[in-house]
Structure formats: C-alpha cells, structure tokens
Amino acid sequence: MVVDSNYLVKIDPRIPPSAASFLSCGFSTGYGAAWKDAKVEKGSSVAVLGLGAVGLGVLEGARRQGASRIIGIDKNERRVEVGKAFGMTDFINPSESSNKSISELVNEMTGGLGVDYSFECTGVPSLINEALQATKVGKGMSMVLGVANVPTVDIGLVALLSGKTLKGCFFGGIKVQSDIPLIVDKCINKEIQFDELWTHEVKLEDMNKAFELLKQPDCVKVLIKI
C-alpha cells in the first residue's frame with residue numbers, strides 16, 4: 001500500500017488499535033470542526049444535525065471548547081443517551097414535530113434567537129439550509145460536514161444577507177501529524193469515551209454482517225477485527 005507521508009503519523013502504542021481506528025475520519029472530523037475550524041467559543045450555543053460518529057465528535061469538541069448549550073438533533077431516540085455521554089444538553093427529534101422544520105424547532109428552543117454555531121453532519125441536502133436558518137442573525141456560523149450526493153443545494157439568500165456564515169471543512173481542519181497525537185492523548189487519559197462509539201464487532205470473514213448492523217438503531221460504529 002502506498003500512502004502520502006502527510007497523512008501518516010506515529011501514535012502512542014498505549015492506545016488500543018480498536019480505538020485508534022476510529023480516529024481516521026468520522027469522530028475526528030466532527031471533533032476538529034468544533035475545535036480547530038469553527039473554534040467554538042466558551043459559553044456559546046451549538047446545534048448538531050445528525051448524531052452519528054461525526055455528530056458525536058462535534059458534541060465532544062463543543063463540550064471541550066466550553067459551549068454552554070449543545071443541542072443534538074436526530075430521528076433516532078436511541079441517540080439520546082450516547083449523545084449525553086459526549087456532552088449533549090438538549091435533544092430534538094424532528095419526526096415528533098411534523099408541522100415544524102428543524103430550524104423552527106431550534107429557534108423555538110432558544111427563545112427565537114437561534115444558536116451561535118450549527119453543524120450539518122447528515123449529508124441530506126435540504127438540511128444544509130435548515131442548519132443555516134437555525135443560527136443567530138448577524139453572527140451565526142453553520143458548518144457543513146456531511147457529504148451530500150448532489151452538486152448544488154438551495155440556500156436562503158436572506159439568511160446570508162443577514163450576516164450568517166456558511167462554510168465547509170475537510171477532516172475538521174485537523175492536521176494529521178500535529179493534532180491526531182493530541183486526540184490520542186485524550187483517549188489514553190480517558191478524556192474521550194471511545195467505548196460509546198464502538199457498539200458492534202465482527203470478524204473479517206463476517207464483514208457482510210457489518211452492513212446489516214449499520215441499519216440497527218443502536219449502532220454507531222462497527223469494528224472489523226482482522
């Protein structure tokens with residue numbers, strides 16, 4: 001296998017390979033987005049759309065940055081407990097309010113103000129605009145982390161003209177050789193609870209089962225043991 005040296009880093013051998021495997025993308029992307037790219041400010045409010053591995057990473061990053069209110073948004077009620085483990089303070093299940101949009105629910109929960117930061121982690125095109133609409137007028141920032149399967153999306157022009165910011169990032173803005181070792185240290189010191197991410201395990205020869213497990217409501221990450 002040939003790999004670009006810029007994306008290789010030697011990590012502390014004290015971290016189990018199972019935990020280290022979760023640092024290559026999902027969780028690190030979300031964690032870095034709140035920490036390195038958005039630079040969530042202490043005392044701020046955050047909304048996270050989608051509580052998969054990326055969204056849970058955002059929750060943890062926002063908590064580490066000192067956000068005072070962190071709203072998790074997901075249709076899966078089983079994400080409530082795991083979300084709380086990573087710092088979520090409030091939960092919205094949009095399927096329970098079919099007559100209101102996600103941005104309306106967030107604005108309602110925040111007294112009509114919206115949040116300082118929102119993170120779209122699902123890849124659903126229509127939710128990019130919802131994430132933007134859920135932020136504060138004049139200062140809100142919305143970050144796109146989910147990969148949509150369309151080349152363009154519709155964005156509310158008024159939201160942009162009102163001073164809100166929409167941006168995306170790659171790998172959460174994390175620099176592999178300098179930032180990954182810092183996250184590894186937090187894992188070793190039990191500052192990040194990776195056990196909450198690792199919900200299922202299969203052997204390599206049973207890899208096809210992993211695709212079925214991903215459909216289960218309690219599944220976050222499947223570890224494939226080689």
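This tour moves through a predicted model, naming what to select at each stop and what is found there.

Begin by selecting the six strands that form an open sheet, in the order β3-β2-β1-β4-β5-β6. Their pairing is parallel. At the edges stand β3 (residues 90–92) and β6, each with a single partner strand, so one side of each has no neighbour in the sheet. From one strand to the next, the twist averages 20°.

Next, select helix α5, residues 102–109, together with α6. The axes of the two helices come within 8 Å and cross at roughly 20°; α5 and α6 are therefore roughly parallel to each other. The crossing in which α5 passes α6 is right-handed. Which residues meet here? Display Ile102, Ser103 and Asn107 in α5, which meet Leu127, Glu130 and Gln133 in α6.

**An enclosed helix**

Move to helix α2, residues 26–37. Its 12 residues reach 15 Å from the first C-alpha to the last, close to the 16 Å expected at 1.5 Å a residue. Is α2 largely enclosed or left open by the rest of the structure? Of its 12 residues, 10 are buried, so α2 is largely enclosed. Among the buried residues are Phe27, Tyr31 and Asp37, as well as Gly26, Gly30 and Gly32. To view what covers them, select elements including α3 (53–65), β4 (117–120), β5 (141–144), β6 (165–168) and α8 (176–188).

**Two lysines with positive phi**

Directly after α2, select Lys39, which lies in the loop between α2 and β1. Most residues other than glycine have a negative phi. The phi of Lys39, however, is positive, near 50°. With 54% relative accessibility, above the 50% cut-off, Lys39 counts as exposed.

For the last stop, select Lys190, in the loop between α8 and β7 (198–203). Its phi is also positive, near 65°. Because its relative accessibility is 59%, Lys190 counts as exposed.

Conventions
Residues numbered from 1 in each chain as written. Predicted model: local features only at pLDDT ≥ 70, side-chain atom pairs only at ≥ 80, totals over all residues. Heavy atoms only, no water. Helix = DSSP H or I, 4+ residues; strand = E, 2+ residues; numbered from the N terminus. Expected span 1.5 Å × (residues − 1). Buried < 20%, exposed > 50% of the residue type's maximum accessible area, 1.4 Å probe, protein only. Contact = heavy atoms within 4.5 Å. Pairing = 2+ DSSP bridges. Axes fitted to C-alpha atoms, helices over the stretch in contact; angles between N-to-C directions. Parallel < 35°, antiparallel > 145°, perpendicular 65-115°, else oblique. Left-handed = near helix turned anticlockwise from the far one by under 90°.
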